Amino acid sequence: MLGSMSGYDTIVLGAGAAGLMCALTAGARGRRVLVLERSNKPGKKILMSGGGRCNFTNRHCAPDRFLSANPHFSKSALSRYTQWDFIELVERHRIEYFEKETVNGLSGQLFCRQSSKQIVALLLAERCSTVALPELPAAFQLAIRAVAITFVPSAASTSTIALPA
Ligand SMILES: Cc1cc2nc3c(=O)[nH]c(=O)nc-3n(C[C@H](O)[C@H](O)[C@H](O)COP(=O)(O)OP(=O)(O)OC[C@H]3O[C@@H](n4cnc5c(N)ncnc54)[C@H](O)[C@@H]3O)c2cc1C
């Protein structure tokens with residue numbers, strides 16, 4: 001198994017929304033990306049998001065809609081990647097979506113018409129390999145150029161607990 005996992009430029013820990021988006025971005029820059037996931041499936045939270053249809057963005061997303069101790073962070077982040085960039089990606093992958101209606105009219109919230117599985121598939125399709133850690137030994141080595149680092153997967157955490165164990 002480890003023998004076949006060679007030649008990556010970027011290794012991402014955790015195949016959640018953040019890790020897969022990171023992998024997608026590195027892949028778009030021409031990097032060969034490996035995502036290591038400790039559970040048996042990538043994107044578990046994405047799969048259950050939006051009641052199984054993933055509310056993947058909001059048309060009205062803007063820096064002043066975020067509460068933060070540092071309001072400049074959202075300005076900086078959204079100046080580099082907007083909801084329109086993600087909508088373009090969704091459309092490029094031919095994923096049908098709809099805007100949720102409320103009593104006050106259209107909400108701006110965009111959901112997959114079929115399934116949030118399509119968003120996970122989109123993220124995985126963008127030039128990365130994903131390996132579920134249960135397939136790997138309890139500890140393994142990554143050779144990074146001339147340096148070898150031993151990883152024990154359970155020693156790192158990449159997000160908060162918002163899922164039943
Ligand atoms: C029921 C529900 C519905 C939701 N609906 C929506 C919605 O409609 N729209 C929306 O925008 N958001 C929604 N959210 C929130 C959204 O799903 C999360 O904010 C988002 O998925 C978090 O992504 P993340 O990558 O930060 O974390 P996670 O999804 O938690 O990803 C972290 C990943 O890292 C892995 N990991 C942890 N430690 C290690 C390790 N040591 N080695 C390897 N892997 C590791 C975990 O197994 C996990 O897969 C919803 C959340 C829930 C629970």
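**Exercise 1. State the strand order and pairing sense of the open sheet of 3 strands, and find its edges.**

Solution. The open sheet of 3 strands runs in the order E3-E5-E4, and its pairing is antiparallel. Strands here are DSSP runs of E, at least two residues long; helices are runs of H or I, at least four residues long; both are numbered from the N terminus. Two strands pair if DSSP finds at least two bridges between them.

Next, the edges. Strand E3 (55-58) and strand E4 (97-102) each pair on one side only. From one strand to the next, the twist averages 40°. Axes are lines fitted to C-alpha atoms, for helices over the stretch in contact, and angles between N-to-C directions run from 0 to 180 degrees.

Then the bridges. E3 joins strand E5 (residues 105-112) through 3 antiparallel bridges. Asn55 has Phe111 in E5 as its bridge partner.

Finally, the helix. H4 (residues 83-92) lies across E3 and E4, at about 135° to E3. Contact means C-beta atoms, placed from the backbone, within 7 Å.

A note on the source: this is a predicted model, where local features need pLDDT of at least 70, side-chain atom pairs count only at pLDDT 80 or more, and totals for chains, interfaces and linings use all residues. Residues are numbered from 1 along each chain as its sequence is written.

**Exercise 2. Determine the sense of the E1 and E2 pairing, then the hand of the crossover.**

Solution. Strand E1 (residues 10-13) pairs with strand E2 (residues 33-37) over 4 bridges, in the parallel sense. Leu13 stands opposite Leu36 in E2. Between E1 and E2 the chain passes through helix H1 (residues 17-28), and this β-α-β crossover is right-handed. The test: with the strands pointing away from the viewer, the path from the first strand over the helix to the second runs clockwise.

**Exercise 3. Classify Cys54 and Arg94 as buried or exposed.**

Solution. Start with the cut-offs. Buried means 20 or more other C-beta atoms, placed from the backbone, within 10 Å of the residue's own; exposed means 12 or fewer; partly exposed lies in between.

Cys54 sits in the loop between helix H2 (44-48) and E3. Its phi is near 50°, positive in a residue other than glycine. Cys54 has 26 other C-beta atoms within 10 Å, so Cys54 is buried.

Arg94 sits in the loop between H4 and E4. Arg94 also is not a glycine, yet has a positive phi of about 55°. Arg94 is exposed because it has 8 C-beta neighbours inside 10 Å.

How values were computed:
Contact = placed C-beta atoms within 7 Å.
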